[in-house]
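Subject: Structure handover

Hi,

Here is the structure we spoke about, with the sequence alongside. Please open it first; my notes follow below.

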Amino acid sequence: MNQARPKAKLSRALGIPLTRKCVKYFERRPFPPGVHGRARKKPSDYQVRLLEKQRLRHQYFISETQLRNQFDKAARSAGKTGETLLVALECRLDALVLRAGFARTIYQARQAVGHGHIAVDGQKVDRPSYRVKPWQTITVRERSRTKPPFQIAAAGAHLDGPTTPYLEVSLTDLRATLTREPLRTEIPVICDEQLVVEFYSR
């Protein structure tokens, strides 16, 4: 996982803004970085599938191994592999911390979980990949609520609009409950999951 690469540059390479802060940079220069960014040749089918896989991976800020493992699980389950994969990724604890408005970016959400600020059903969970199940409740731990990032979150600073429909959120209490698994149409990621399926199935 290329964590050191500047997010704006990575956003341009992937063709999508990875954070709200990157949006203005991306809109100003919506082409890949480098001297040949504007004049690159038409990508091959493999490159198209690879790019889509990378887009998905970076939107959830996970490693190649983590994405591959999730894909293998999705491929073994019933239902459409691509949709099952996205639902599994969206139900990760760090992703739901972001959707609930407890963090500004997926990077901040992962840090919040990893540093032990988040609890699920009252128990501290410091694993960002933890799979949250319907009717489990995510909260910011009592000892962490006075920290500036969570005070900012409680004021609603990280939400652009209404929260996702599969979460019941109380920002003032820094509490969110996953009421059901999300539908594909509700998951706010930019991805053609069929291309990801084709990439791993080749």
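A search of the whole structure finds 10 salt bridges. Keep in mind that this is a predicted model.

Salt bridges

Start with Asp94. Its side chain meets that of Arg92 in a salt bridge, at 3.1 Å, N to O. The side chain of Asp94 also meets that of Arg110, at 3.5 Å, N to O. Asp94 lies in helix α6 (residues 93-99) and Arg110 in helix α7 (residues 106-114), so this pair ties together parts that are 16 residues apart in sequence. Taken together, Arg92, Asp94 and Arg110 are linked in a network of salt bridges.

Asp94 is buried, with a relative accessible area of 0%. Arg92 is buried too, at 2%. Arg110 has 16% relative accessibility. The cut-off for buried is under 20%, so Arg110 counts as buried as well.

Now for a salt bridge within one helix. The side chains of Asp72 and Arg68 meet at 3.3 Å, N to O. Both residues sit in helix α4 (residues 64-76). They are 4 residues apart there, which means that about one helical turn separates them. Asp72 is partly exposed, with a relative accessible area of 25%. Arg68 is partly exposed as well, at 33%.

Helix α7

Back to the helix that holds Arg110. How much of α7 is buried? The count is 7 of the 9 residues, so α7 is largely enclosed by the rest of the structure. The buried residues are Ile106, Tyr107, Gln108, Ala109, Arg110, Ala112 and Val113. Look just after α7 as well: Gly116 takes a positive phi of about 80° there.

Strands

Next, look at strand β3 (residues 137-140). It pairs with strand β1 (residues 118-120). The two run antiparallel, joined by 3 bridges. Ala119 stands opposite Thr139 of β3. Strand β5 (residues 175-178) also pairs with β3. That pairing is antiparallel, again over 3 bridges. Here Ile138 has Ala176 of β5 as its bridge partner.

What covers the picture for the faces of β3? Both faces are covered. Thr137 and Thr139 are buried on one side. Ile138 and Val140 are buried on the other. As background, in a regular strand the side chains alternate between the two faces of the sheet.

Last, find Glu52 in helix α3 (residues 45-59). Glu52 is buried, with a relative accessible area of 8%. What does Glu52 touch, leaving aside residues up to four places away in sequence? The contacts are Ile190, Cys191, Asp192, Leu195 and Val196.

Then turn to β3 and its covered faces.

Best wishes

Methods
Residues are numbered from 1 along each chain as its sequence is written. This is a predicted model: local features need pLDDT of at least 70, side-chain atom pairs count only at pLDDT 80 or more; totals for chains, interfaces and linings use all residues. Side-chain values use heavy atoms; hydrogens and water are left out. Buried means under 20% relative accessible area, exposed over 50%, partly exposed in between (1.4 Å probe, protein chains only). Contact means heavy atoms within 4.5 Å. A salt bridge is a side-chain nitrogen of Lys or Arg within 4 Å of a carboxyl oxygen of Asp or Glu. Two strands pair if DSSP finds at least two bridges between them.
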